[in-house]
Amino acid sequence: MPEEQTLPPVRPMLADRPSQFVLLERAVEDEYRPHMLQELQRRVEEVAETARSAPACVCGRLMVCQDVRPVSWWARFGRLRVGVPRYRCPACGCESRPLLDLLGVEPGRISGSLARLLAVLAAVAPYPLAARLAWLLLGVTISPMGVWRVAQRLGQAAASYSEALSRYHTDSRSEGAPTHEAPDTVLLSVDGCALGMQVRARRRRRTGTDPLPPLPPVEEGHFREVKTGVLLLPEERVETSPGRHSVVRRFLVSCLGDADAIFHRLYGQLRELGWLGANTTVVIVGDGAEWIWNRAKWFVRRCEILDFRHAMEHAWEFARLRFGEESQQADQWVHQIGIDLKAGKVEQVIARLKRLRPKSPQLRTNLDSLIRYYSENVSRMHYDEYLRLGYGIGSGAVESAHKQVVHARLRQAGMRWSEAGARRLLALRLLLLNDNWVLLDRLPMASMA
């Protein structure tokens, strides 16, 4: 028989040039970008002309103009350069350049909307990728270190504001938002996850032309817990499809700190939103960790709920040990436990467990642990009532928040963080995910000197 002949692969066809519309878009941008820079330069100079009056010093004396020096900084459309008066107090020697304070810029720095756009990229992508996106999306050439500096400065501003807001609301003399429209019920879910941290006695430094020494192995690293909380209103949880619910609005709170820190921030956010009235019931969903229930007592009107999935995980642990892995009998036994718990029969479930007489010491120990876990949380397992009231019985909201706030950006392969770097980036991601990025426009960029 003749040999079968195969045709060579056909190379994909490419157009000779980009589409006409793409070329038109890029031509317009290239043509008008210099004009936008010129117009911005003109308007900055107008502001400079109207801000020529000598400022008053903190000591009360009027400052005297010493000189006018040219100052430049980077903006959205390019580099700006303007003469900035420098004033000096003849009495105390204090100096001031009020024009820079008025414009909210610093000499030689990336400022204005360009800094905020770069911070958005840094909040969603690693710094090298953010630098590439800056070129593709903004037409701005910048190094990953340049993106890092902008993110650190704005992240510090956002983190400082969040911490100050938490301290403000912690003070009993502070005034929160009006509570005349406070909801009857607020759902609060909180949990923690581990974040890999850097371990080094001192900063790595390059010696001559040698490359930087490697970071210590992951095994030598250590971890810090990032605690995340979610606030939402039960009536704003809508059923998008049969058996599937979605939240219309939620507020995320996160911090690299201890249990007190996250609850202080959750309490402050509730007061800032005006969601904590005298008759508001705070529904707290947790996984059974003592640090959650101990801080739940901060709220006088509260309802504590043990996450249903964690309750079932403890039952599964005993069932696998008793009936074996992948056992149909284990599946049926746990399934019945779940039906009874959702029906509000937690006391009957505990009584049934106490009647079991396992033979092996390991089974007895595991059973005692399960009984103790259910008995300690029996008041938090009235799932039939919680479902009837629309509270929900799971912590899926906070687990989803972990993935969005922490995992998607800070727990990618090989990432380890300094404490300051993690705290600043978390603050930026919270602004973005809470749809509150415009707040960053009103925050001055923090100095990293």
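Analyst: Helices (H or I, at least four residues) and strands (E, at least two) are DSSP runs, numbered from the N terminus. The model is a predicted one, in which local features need pLDDT of at least 70 and side-chain atom pairs count only at pLDDT 80 or more, while totals for chains, interfaces and linings use all residues. Residues are numbered from 1 along each chain as its sequence is written, and side-chain values use heavy atoms, with hydrogens and water left out.

User: Why is Asp-435 called exposed?

Analyst: The relative accessible area of Asp-435 is 71%, and exposed means over 50%, buried under 20% and partly exposed in between (1.4 Å probe, protein chains only), so Asp-435 counts as exposed. Its phi is near 55°, a positive value in a residue other than glycine.

User: What is the phi of Glu-326, and where does this residue lie?

Analyst: Phi of Glu-326 is near 60°, again a positive value in a residue other than glycine, and Glu-326 sits in the loop between helix H8 (308–323) and helix H9 (328–342). With a relative accessible area of 79%, Glu-326 is exposed.

User: How do you know whether Ser-189 is buried or exposed?

Analyst: Ser-189, which belongs to strand S4 (residues 185–197), has a relative accessible area of 5%, and therefore counts as buried. Leaving aside residues up to four places away in sequence, Ser-189 touches Thr-228, Gly-229, Val-230, Val-285, Ser-395 and Val-398, where contact means heavy atoms within 4.5 Å.

User: What makes H3 roughly perpendicular to H14?

Analyst: The axes of helix H3 (residues 112–124) and helix H14 (residues 419–433) come within 9 Å and cross at roughly 100°, which makes H3 roughly perpendicular to H14, since angles of 65 to 115 degrees carry that name, whereas those under 35 are roughly parallel, those over 145 roughly antiparallel and the rest oblique. Where the two helices meet, Ala-119, Ala-122, Ala-123 and Val-124 in H3 are in contact with Leu-425, Leu-428, Arg-429 and Leu-432 in H14.

User: Why does Met-36 count as partly exposed?

Analyst: Met-36, in helix H1 (residues 20–50), has 35% relative accessibility, and so it counts as partly exposed. Together with Val-28 and Tyr-32, Met-36 makes a nonpolar surface patch of about 280 Å².

User: How do you know that Val-300 is exposed?

Analyst: Val-300 has 79% relative accessibility and therefore counts as exposed; this residue is found in the loop between helix H7 (290–296) and strand S10 (302–306). Val-300 and Val-282 are 18 residues apart in sequence and 8.6 Å apart in space, C-alpha to C-alpha.

Conventions. Patches are made of residues with over 30% relative accessible area and no salt bridge: like charges are joined within 9 Å, nonpolar side chains (Val, Leu, Ile, Met, Phe, Trp, Tyr) within 5 Å. Accessible areas come from the Shrake-Rupley method with a 1.4 Å probe; for residues, only the protein chains shown count as cover. A salt bridge is a side-chain nitrogen of Lys or Arg within 4 Å of a carboxyl oxygen of Asp or Glu. Axes are lines fitted to C-alpha atoms, for helices over the stretch in contact, and angles run from 0 to 180 degrees between N-to-C directions.
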